[in-house]
Amino acid sequence: MGSGKIKYFTGELLGTFILVFFGCGSVAVSVLFGAFSSLFEVAFIWGLAVMFGIYAAKPFSDAHLNPAVSCAMLIAKRLPKKLFTTYVLGQFSGAILAAFVLYFLMSPALMVYEEAHQIVRGEANSFASACMFGEFYPNPGFSNKLGINEWQACFAEGLGTFLLVFMIFALTRNTFKQVELQPLYIGLTVTIIICIIAPFTQAGLNPARDFGPRLVAYIMGWKLAAFPSDSSGFFTVYMLSPVIGAVLAERLWSSIIILNTSRHE
């Protein structure tokens, strides 16, 4: 990896680390300590995590922090093909590193929580603590009230990512004047989407944010309990659907731009 690529890799790693550490950290303290009383509080922290992650990454990269966003930017020709792998590797590396740090920080509290709730890590019911890392559907916090199957979960994750990426294109267009406020508006977009989508799927919206912490949970003893019970659900819901949603958002945005350009010719 050349020096130029190292710069981009570092930016994506740093920004994604901040996003995952702050975001998953808010879920962890909510699960382990009951620190928050509403979904909005956790969603707002996730929004701040996205905002701060973007601000931290911007001096080094374009601050995608999300493979789905990078896919959309690649199709839009706003990310060179030669940098795509560098961006995605940085994102997954940042997510994995953040999850390891968070695990070791929370490990003593995790053991107390598991003992108090008679959770044996790696058994089927241990998803109740694994959910502070990767996402599950239906959301364990709402599972007694809400049922959702794999395809409904796919639609929720795809729709949430579609809306996020569409807004990213809208907020980063050339005519948008408040460039310094772009991270804030993108973060607020994430907050709103989480408030609506999280009751169904925990609102991953980001393959790196989901897979990195989920992999750490698997390694640290949760094993297959770190994954949704449906064998294909992990891939279709949290990896594939966000990418499809992001690509569709790019296609719609590009179509709008083309129509608007032709109308003014």
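Here is a guided walk through the structure above, from its core to its charged and aromatic pairs.

A few ground rules come before the tour. This is a predicted model, in which local features need pLDDT of at least 70 and side-chain atom pairs count only at pLDDT 80 or more, while totals for chains, interfaces and linings use all residues. Residues are numbered from 1 along each chain as its sequence is written, and side-chain values use heavy atoms, with hydrogens and water left out.

Let's begin inside. In soluble globular proteins, nonpolar side chains tend to be buried together. A nonpolar core is a set of buried Ala, Val, Leu, Ile, Met, Phe, Trp, Tyr and Cys residues joined through side-chain atoms within 4.5 Å; buried means under 20% relative accessible area, exposed means over 50%, and partly exposed is in between (1.4 Å probe, protein chains only). The largest nonpolar core here has 59 residues, and those with the most contacts inside it include Leu-32, Trp-46, Met-132 and Trp-222. Among the elements that give two or more residues to this core are helix 1 (3–33), helix 2 (39–57) and helix 4 (81–116). Helix 4 gives the most, with 11 residues. Helices are DSSP runs (H or I, at least four residues), numbered from the N terminus. There is also a second, separate core of 6 residues, which includes Tyr-137, Ala-153, Cys-154 and Tyr-238.

Now zoom in on Trp-46, which lies in helix 2. Is Trp-46 buried or exposed? Trp-46 has a relative accessible area of 8%, so it is buried. Contact means heavy atoms within 4.5 Å, and, leaving aside neighbours within four places in sequence, the partners of Trp-46 include Leu-19, Cys-24, Val-27, Ile-194 and Arg-209. A polar atom of the Trp-46 side chain also lies 3.4 Å from the backbone oxygen of Gly-23. Along the chain, Trp-46 and Thr-191 are 145 residues apart, and yet their C-alpha atoms are separated by 6.5 Å.

Next come the charges. Side chains of opposite charge can pair when their charged atoms come close. A salt bridge is a side-chain nitrogen of Lys or Arg within 4 Å of a carboxyl oxygen of Asp or Glu, and by this rule the count comes to 4. In one of them, Glu-135 joins Arg-209, with the closest N and O atoms 2.5 Å apart. This pair links distant parts of the chain, 74 residues apart: Glu-135 is in the loop between helix 5 (127–130) and helix 6, and Arg-209 is in helix 8. Glu-135 is buried at 0% relative accessibility, and Arg-209 is buried at 4%. Another salt bridge joins Arg-121 and Glu-114 (3.0 Å, N to O). Here Arg-121 is partly exposed at 22%, while Glu-114 is buried at 7%.

Finally, look at the rings. Rings of Phe, Tyr and Trp (its six-membered ring) pair if their centres lie within 6.5 Å; planes under 30 degrees apart count as stacked, over 60 as edge-to-face and the rest as tilted. The structure holds 17 aromatic pairs. One of them, Phe-92 with Phe-211, is edge-to-face, with 6.0 Å centre to centre and 75° between the planes. Phe-92 in helix 4 and Phe-211 in helix 8 are 119 residues apart.

Key:
A polar contact is a pair of N or O atoms within 3.5 Å; within protein, one must be able to donate a hydrogen and the other to accept it, and residues adjacent in sequence count only if both atoms are side-chain atoms.
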